[in-house]
Amino acid sequence: MSESDFLPASSTSAKARKAAKTKSAKRAHSSLLPTQPSASTSKAALANEDAVMDDMGFERLPLDHRTKAEKDKAKKAAKFTAEEANAAMDEDNAGDDDDEDSIMIDPSTLSLPVPVTRTPISSITGADALSFPAVSHQVNAGLTQRRKVAIPPHRMTPLKRDWIKIYGPLVEECGLQVRMNVQRRWVEMKTSKHTPSPSSLTRASDFLGAYALGFSAEDAIALLRLEELYVESFEIKDVKTLHGDHLSRAIGRIAGHEGKTRFVIENASRTRIVLADTKIHILGTFGNIKIARDAICALILGSPPGKVYAGLRIVASRGRERF
């Protein structure tokens, strides 16, 4: 809002206010540029301007000021140019067809490729030189394999006590070179020329790993002598989240009074079970591990031991009938 829109404080009468408004309107009209049409411009003024232009000799020319003869001449020239362009295009297309015909190859002059026939090795002269003997561990005697198995601190004392039971099978049955690194707490193994099978090193590491988890040497040695034996580990929180006394009661239900429940599960499923705080390790075949795992999960979820015993009894009777 400009200053002219405000009235002076002394303008109290209607006459003074009217005079102030008239003065502000004149100022606004004078601020327009000369080239800008004002609101007072009318049709009469525009008509007068046209009349003045006629008196001075000015004439409004059309956009196309050519005569009729000039227009007809331009049309004929454009038509002739279009006909020439079409004729030139037809000549080019005819030349392209001739070029394509000259490029085409006669299929009768082509010869099909001869299929390659493979000669069997047995029919080649001197084929006996290409027959290789079966690969055995003696061939790779120079490539020794090494394996290290870490022993947790709480299993160091049992390992020292059962060292003869562990060292004997690894050397005599697997033909490995074994030593105990007491400072770093791991058992080092290496293959030798007396190793009967390449898988002996893997079985030996599984045997030591099971012993490190808490299985006895007599139970873990089955991994060296039997096929399809595995170790499965899980925690109680994987089945159900328990804390405090609820977790302690779940561990107690799995172990039972003086380990009775654990022994029942082991005998019925033909597995071996280790309870290490909240971790559970099961040693056995795939099917037997599933039976023991289902029974332990039922105890963790709160099933009474009597119900679990009944289910294990049915499983054990089915196993006896099968065998």
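## An exposed arginine

A residue counts as exposed when its relative accessible area is over 50%, and as buried when that area is under 20%. In this predicted model, arginine 270 has a relative accessible area of 56%, and it is therefore classed as exposed. Arginine 270 sits in the loop that links helix H11 (260-269) with strand E5 (272-276). Although 14 residues separate arginine 270 from glycine 284 in sequence, the distance between the two, C-alpha to C-alpha, is 7.1 Å.

## Confidence

The protein chain has a mean pLDDT of 76, with 63% of its residues at 70 or more. Confidence is highest in strand E6 (residues 279-284), at a mean of 94, and lowest in helix H2 (residues 43-55), where the mean is 57. Where pLDDT is low, the predicted coordinates should not be read in detail.

## Nonpolar cores

The largest nonpolar core comprises 27 residues, and Ile166, Leu170, Leu176, Val187, Met189, Phe207 and Leu208 are those with the most contacts inside it. At least two residues of this core come from each of helix H4 (156-161), helix H5 (163-172), strand E3 (186-190), helix H6 (200-213), helix H7 (217-220) and helix H8 (222-225). The greatest share comes from H6, which gives 7 residues.

When neighbours within four places in sequence are left aside, leucine 176 is in contact with Leu170, Val171, Met189, Lys190, Thr191, Thr195, Ser200, Leu201 and Ala204.

How values were computed: Residues numbered from 1 in each chain as written. Predicted model: local features only at pLDDT ≥ 70, side-chain atom pairs only at ≥ 80, totals over all residues. Heavy atoms only, no water. Core = buried A, V, L, I, M, F, W, Y, C linked by side-chain atoms within 4.5 Å. Buried < 20%, exposed > 50% of the residue type's maximum accessible area, 1.4 Å probe, protein only. Helix = DSSP H or I, 4+ residues; strand = E, 2+ residues; numbered from the N terminus. Contact = heavy atoms within 4.5 Å. pLDDT = per-residue confidence, 0-100.
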